[in-house]
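Let's take a walk through this one, helix by helix, with a couple of stops in the loops along the way. Have the viewer open as you read.

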Amino acid sequence: SNLAAIGPLRDTTCATMLVRSRDDASLAAPQPGSDLGDDAQICHGQGLGDYRTLLLTIYATTVPMWMVNMMLMPVLPHYVMERYDESVSAAGLAMSCVSLAPLVLGIPTSIAADRIGAHRLGTLGALCAVLCGLAGIAADRSGCFLLLLISRVLNGAGLSMFQTSRILLVSQAPSEVRARAMSAIGAMQRFGAMVAPYVGSRLADSLSVRAVFVAQSVCGLAILPFALLVEPPVGDLLLSGTGARQRCTVRGMLRCVIANWRDFGTAGAALLILQMLRQAKDFLIVLKVHTLGGGLAAAGSAVSVAYLFDLALSPLSGPLMANFGRKWSLVPALFLLGLACGLLGTPLAHSQTSVLLCAALAGAGNGLSSGLNACVGSDLAVRHERDGSAATKAEFLAPWRELMDVGAWLGPSMVGAVVASLSFPVAAAGCAVVGAFG
């Protein structure tokens with residue numbers, strides 16, 4: 001079963017991670033009774049501090065980054081078909097371009113993180129967020145669809161670099177704290193995702209889509225001061241238990257995938273399906289609203305409702321993962337997301353109110369898996385760095401992120417292609433079947 005590899009992750013420890021702080025280079029001694037060597041550290045907070053001290057530099061900056069990512073989403077399908085006279089399939093391509101950039105740049109991004117540090121990588125992500133808004137303004141002025149796709153790719157590149165930097169920083173927390181820390185990042189993402197669709201759709205409805213692009217650049221600029229001037233209280237450089245600085249390479253990543261193929265083929269496959277459904281459900285909700293005659297504001301409201309329930313249930317994700325195991329977060333998420341997507345293609349979703357109910361159901365499923373991908377990835381990265389099957393955590397996380405990005409890219413791409421070639425109900429039923437298979 002795809003879920004088999006996820007259950008044991010509850011007991012993962014990070015005993016062999018070393019934290020190098022800019023303010024204090026000394027390492028905490030091992031706990032009494034430990035069989036670790038002198039160069040290892042049991043990560044129960046020593047040299048790390050309470051993860052809540054990361055509020056400003058890691059958690060707060062996540063909100064505007066996700067607003068950049070989500071403001072355009074509810075208006076993008078209609079905008080592509082009206083402004084550029086393109087098909088539903090092209091709208092799906094524009095939606096999926098956010099995931100295309102991390103799919104292509106995922107491994108180079110992890111190599112960059114290993115060399116320049118996670119903090120500087122987050123700064124590059126914020127810069128890409130500014131540039132994506134500027135490229136969108138240029139696309140709107142010129143009517144060039146290619147420029148719009150470039151804007152979406154820049155959006156995805158910025159989000160990928162920013163997420164990778166946050167995961168690498170928080171992955172230094174101990175296992176029992178890591179689940180809640182990753183879940184908190186997921187909650188911040190969901191708060192930004194809840195507010196952004198409503199703001200973006202209102203801007204587009206009252207002004208124009210160009211105003212949404214301007215707002216994207218403004219959000220990127222809001223992140224830059226924190227990324228440039230404020231150093232996070234967690235060391236950027238992730239060291240292996242040997243005490244020697246390790247650098248990941250493409251060859252090393254391939255060896256890591258081969259050595260840990262079972263994890264990629266089980267837990268990785270299940271979470272790939274989760275990513276597909278997460279991205280597909282947003283596209284399906286927006287398309288259904290437009291099919292029923294709703295405008296931009298209605299589409300934005302429906303997506304915001306989904307992320308309202310997402311945010312409301314996200315606090316349950318951390319305790320589920322920490323106390324019962326990671327799969328107890330995954331199973332209900334797959335079930336609810338698949339069910340909601342399937343219902344959108346049935347006669348039951350015959351009105352805007354019924355679409356809102358389906359959106360709420362999908363959001364609830366998404367919220368129960370808040371931070372799950374990042375948490376499972378960091379769990380496995382720590383485990384395989386400890387047993388020597390990965391030289392560094394980044395060496396494992398790079399192909400892991402690639403797998404997740406494949407799922408995020410496939411979701412809207414396949415939905416758009418199926419809707420264009422067959423029908424909306426077929427696409428919705430396909431998502432339900434994929435959720436059941438996961």
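A residue counts as buried when its relative accessible area is under 20%. Keep that cut-off in mind, and remember that what you're looking at is a predicted model.

Start with helix α14, residues 372–387. By that cut-off, 13 of its 16 residues are buried, so α14 is largely enclosed by the rest of the structure. Its length holds up too: at 1.5 Å a residue, the 16 residues should span 22 Å, and the end C-alpha atoms are 23 Å apart, which agrees. Just past the end of α14 sits G388, with a positive phi of about 90 degrees.

After α10 comes another glycine with a positive phi, G293, near 90 degrees.

What does α10 pack against? On the α10 side, the contact is made by I273, L277, A280, L284, L287 and K288; α16 answers with F424, A428, C431, V434, G435 and F437. Sorted by class, that comes to ten nonpolar residues, one polar and one charged. If you're wondering about the spacing in those lists, an α-helix has 3.6 residues a turn, so residues three or four places apart point the same way.

N260 lies in the loop between α8 (250–259) and α9 (261–265). Is N260 buried or exposed? Its relative accessible area is 5%, so N260 is buried. Leaving aside residues up to four places away in sequence, N260 touches H384, S389 and F396.

D85 is the other stop, in the loop between α2 (76–83) and α3 (88–116). Its phi is near 55 degrees, a positive value in a residue other than glycine. Exposed means over 50% relative accessible area, so at 67% D85 counts as exposed.

How values were computed
Residues numbered from 1 in each chain as written. Predicted model: local features only at pLDDT ≥ 70, side-chain atom pairs only at ≥ 80, totals over all residues. Heavy atoms only, no water. Contact = heavy atoms within 4.5 Å. Helix = DSSP H or I, 4+ residues; strand = E, 2+ residues; numbered from the N terminus. Nonpolar A, V, L, I, M, F, W, Y, C, P; charged D, E, K, R; others polar. Expected span 1.5 Å × (residues − 1). Buried < 20%, exposed > 50% of the residue type's maximum accessible area, 1.4 Å probe, protein only.
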